[in-house]
Amino acid sequence: MSKSLKKARTAFEKERLQMLWWLKTEQVMQHQELSRKLGRDGSTVTRWLQKYRLGGLGKLLEVKTALGAARKLTPEMRYRLVEKLQSPTGFSSYGQIVKWLDQEFNVQVKYKTVYRLVRYELKAKLKVPRPVSKDQDEFAVSLFKKTFPSP
């Protein structure tokens with residue numbers, strides 16, 4: 001038990017293991033004293049002890065995590081999106097991607113979600129040419145291209 005307490009990494013684990021240690025070494029004999037020492041309500045301590053009695057140490061230290069929402073885009077949809085992003089035409093805006101997903105798959109996805117998916121998960125860039133000023137001097141551009149040819 002003392003090894004488990006020393007190996008515990010989170011406060012969640014330490015608190016519960018400390019409770020068991022006090023009970024096992026008989027440092028605490030009453031439920032009220034245990035809840036006072038832990039700084040927890042008596043009902044919380046009761047629930048922890050019940051978990052321990054029913055499922056042992058594993059059940060007591062079990063951390064339940066929320067699954068979160070199901071993904072709206074299936075692997076097929078993601079594959080088609082990647083294909084479209086890699087095509088020469090591609091998309092010029094994330095808003096266009098939102099509309100395309102709605103038209104192609106009848107799936108409503110938020111702009112923010114599409115941005116995160118494309119930019120950070122798929123690591124793709126939109127096919128948007130850099131803006132060019134209409135007042136740009138054509139001679140200066142041609143001179144620049146001669147001096148610094150593109151690779």
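**Entry: Leu-81**

I started with Leu-81 and listed its contacts, skipping neighbours within four places in sequence: Phe-91, Ile-97, Trp-100, Leu-117, Val-118 and Leu-122. A reminder to myself that this is a predicted model. Leu-81 sits in helix H5, residues 75-86. Its relative accessibility comes out at 1%, so I put it down as buried, the cut-off being under 20%. I also checked Leu-81 against Gln-18, 63 residues away along the chain, and their C-alpha atoms are 52 Å apart.

**Entry: H6 against H7**

H6 covers residues 94-105 and H7 covers 111-121. I got an angle of about 105° for the pair, with the axes 9 Å apart. That angle falls within 65 to 115 degrees, so H6 and H7 are roughly perpendicular to each other.

Sorted by class, the contact has eight nonpolar residues, one polar and one charged.

I jotted down a general point here: an α-helix has 3.6 residues a turn, so residues three or four places apart point the same way.

**Entry: the loop between H6 and H7**

Asn-106 is in the loop between H6 and H7, and its phi is near 55°, a positive value in a residue that is not glycine. With a relative accessible area of 58%, Asn-106 is exposed.

Is Val-107 buried or exposed? Val-107 is in the loop between H6 and H7 too, but its relative accessible area is 11%, so I count Val-107 as buried. Leaving out neighbours within four places, Val-107 is in contact with Lys-72, Leu-73, Met-77, Leu-101 and Asp-102.

**Entry: H4**

I wanted to know how H4 runs from end to end. Helix H4 spans residues 42-60, which is 19 residues. Its end C-alpha atoms are only 16 Å apart, whereas a straight helix at 1.5 Å a residue would reach 27 Å. Where does H4 bend? I found a bend of about 110° at Leu-54.

The buried residues of H4 are Thr-44, Val-45, Trp-48, Leu-49 and Leu-60. They pack against helix H2 (11-24) and helix H3 (31-38).

**Entry: Ser-35 in H3**

From H3 I picked Ser-35. Its relative accessibility is 11%, so it counts as buried. Not counting residues up to four places away, Ser-35 touches Arg-40, Asp-41, Gly-42 and Val-45. Val-45 is also among the buried residues of H4.

**Entry: H2 and what follows it**

I listed the buried residues of H2 as Glu-15, Arg-16, Leu-17, Met-19, Leu-20 and Trp-22.

After H2 comes Glu-26, with a positive phi near 60°. Glu-26 lies in the loop between H2 and H3. Its relative accessible area is 56%, over the 50% cut-off, so Glu-26 is exposed.

Methods. Residues numbered from 1 in each chain as written. Predicted model: local features only at pLDDT ≥ 70, side-chain atom pairs only at ≥ 80, totals over all residues. Heavy atoms only, no water. Axes fitted to C-alpha atoms, helices over the stretch in contact; angles between N-to-C directions. Helix = DSSP H or I, 4+ residues; strand = E, 2+ residues; numbered from the N terminus. Parallel < 35°, antiparallel > 145°, perpendicular 65-115°, else oblique. Nonpolar A, V, L, I, M, F, W, Y, C, P; charged D, E, K, R; others polar. Expected span 1.5 Å × (residues − 1). Bend = angle between axes of the 7 residues up to and from the residue. Buried < 20%, exposed > 50% of the residue type's maximum accessible area, 1.4 Å probe, protein only. Contact = heavy atoms within 4.5 Å.
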